[in-house]
Amino acid sequence: MLRVNYAYEKGVLFVRLFGVLDSENIYLLISSLKRIIGIGGIIYTVINLENVKVLNSNYISMILEKMIDNKIYLCGYKSSNCNGYQFLRDEAKVFKYINF
């Protein structure tokens, strides 16, 4: 089971994931994110993977590939990079990279 917590702060949508991310819920997550971002006109999104129990680089690649048109930042993954993608150390670091 995957639980998702959304918070919108200072122009950034923070998406915090808790539980198991698997092949069944990854598509639902991506679909929900696209809908929320599209309806809300959100430009910047941070996805926090720190509390995800089952995670591999394939899921991360899938999120990045499907959300390529959005400015997505990832944090909380144990690896420092995935296929050349650099992760934020923590959510607050995103404010160093965005310009309003």
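Author: Start with Arg16 and Glu91. They form a salt bridge, with the closest N and O atoms 2.9 Å apart. Keep in mind that this is a predicted model.

Reader: Which parts of the chain does that pair tie together?
Author: Arg16 lies in strand β2, residues 12-19. Glu91 is in the segment after β6 (85-86), so the bridge ties together parts that are 75 residues apart in sequence.

Reader: Is Glu91 buried or exposed?
Author: Buried. Glu91 has 15% relative accessibility, and the cut-off for buried is under 20%.

Reader: How many salt bridges does the structure hold?
Author: Two. Besides Glu91, Arg16 also meets Glu9, at 3.8 Å from N to O.

Reader: And how exposed is Glu9?
Author: Partly. Its relative accessible area is 37%.

Reader: Which residues end up in one network?
Author: Glu9, Arg16 and Glu91. Their salt bridges share partners, and that joins them.

Reader: OK, switching to helix α2. Which of its residues are buried?
Author: The helix covers residues 57-66, and the buried ones are Tyr59, Ile60, Met62 and Ile63.

Reader: Why do they line one face?
Author: Look down the axis of α2. The buried residues fall within an arc of 160°, so they line one face of the helix.

Reader: What exposed residues does the face turned away from the buried side carry?
Author: Asn58 and Glu65.

Technical notes: Residues are numbered from 1 along each chain as its sequence is written. This is a predicted model: local features need pLDDT of at least 70, side-chain atom pairs count only at pLDDT 80 or more; totals for chains, interfaces and linings use all residues. Side-chain values use heavy atoms; hydrogens and water are left out. Buried means under 20% relative accessible area, exposed over 50%, partly exposed in between (1.4 Å probe, protein chains only). Helices (H or I, at least four residues) and strands (E, at least two) are DSSP runs, numbered from the N terminus. The arc is that of the directions from the helix axis to the C-beta atoms. A salt bridge is a side-chain nitrogen of Lys or Arg within 4 Å of a carboxyl oxygen of Asp or Glu.
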